[in-house]
Amino acid sequence: MKKLLLATAAAGFCGLFVTTASAHDTLTNMEGYAGYVTDFEMRVTHGCKGSPVKEVRVKIPEGLTRISVGANRDWKVETKMRKLDKPVPGDGGNMLTEVVDEITWKDPASPIPAGGVFEGFKFRAALPKEVDKILFFRTINVCETGDDKYVDLPKEELKVNDPDFPKKLMGFMTATPGPSPFLITRKAPKPQYPWEVAEPAKAEMTTQQKASAN
Ligand SMILES: [Cu+2]
């Protein structure tokens, strides 16, 4: 049985797929709308050189707020908090003075087999309003033997509007065995919720209000 597991695991080992980088830990959605409260799924696609995964740690990048972790009955979830320099609005009008800094899923009902399957780890957060920003989610898989660290960042800052961005992004993803998972913020076509007023409409309203006030 152990031999069989190792054989399956070898097929899933990221080294073999380093040109596509698709076998590393990645976010299921690599793009999201700026300012939206967004569901994330961190996908763990293989173990550490044939060893099953028993713990996953995700570092939440700066600029994300209102972070919550999806219920997961197979893993024990722990969160570490980080104090904010200045408070930001949270749910229901209260102000937040700290945010989740790191999420750890540990002590699973059973570890993730080293190969052949993937598992998604869910959390939710409000994305920053800044458009075309690349956010890195440094992630560590701890295995029964060893670990895989997807914590590397680009050597030079990646600018999403750079015409060479796709090429540079691919370069970053293949430069090391441990590129950090990432998400790019895109301009939202409309407010997230149907009860929110769109920005231009808001501006128009103000103009009209001004006109009627004169
Ligand atoms: Cu990999």
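Two strands are said to pair if DSSP finds at least two bridges between them, and this idea will guide the reading of the model above, which is a predicted one. In general, the strands of a sheet pair through backbone hydrogen bonds, and they do so either in the parallel or in the antiparallel sense.

With that in mind, consider β2 and strand β12, the latter covering residues 182–186, which pair in the parallel sense over 3 bridges. Within this pairing one can look for Tyr 33, which stands opposite Arg 186 in β12. Both strands belong to an open sheet of 3 strands, arranged in the order β2-β12-β9, in which the pairing is mixed. Because β2 (31–33) and β9 (134–136) each have a single partner strand, they stand at the edges, and one side of each is left without a neighbour in the sheet. Neighbouring strands of this sheet are turned against each other by 30 degrees on average, if direction is ignored.

A further open sheet is made of 5 strands in the order β6-β7-β4-β10-β11, and here the pairing is antiparallel. The edges are taken by β6 (76–89) and β11 (147–150), each of which has a single partner strand, so that one side of each is left without a neighbour in the sheet. From one strand to the next, the twist in this sheet averages 15 degrees.

Inside this order, strand β4, residues 53–59, and strand β7, residues 95–106, pair in the antiparallel sense over 4 bridges.

Note on methods. Residues are numbered from 1 along each chain as its sequence is written. This is a predicted model: local features need pLDDT of at least 70, side-chain atom pairs count only at pLDDT 80 or more; totals for chains, interfaces and linings use all residues. Helices (H or I, at least four residues) and strands (E, at least two) are DSSP runs, numbered from the N terminus. Axes are lines fitted to C-alpha atoms, for helices over the stretch in contact, and angles run from 0 to 180 degrees between N-to-C directions.
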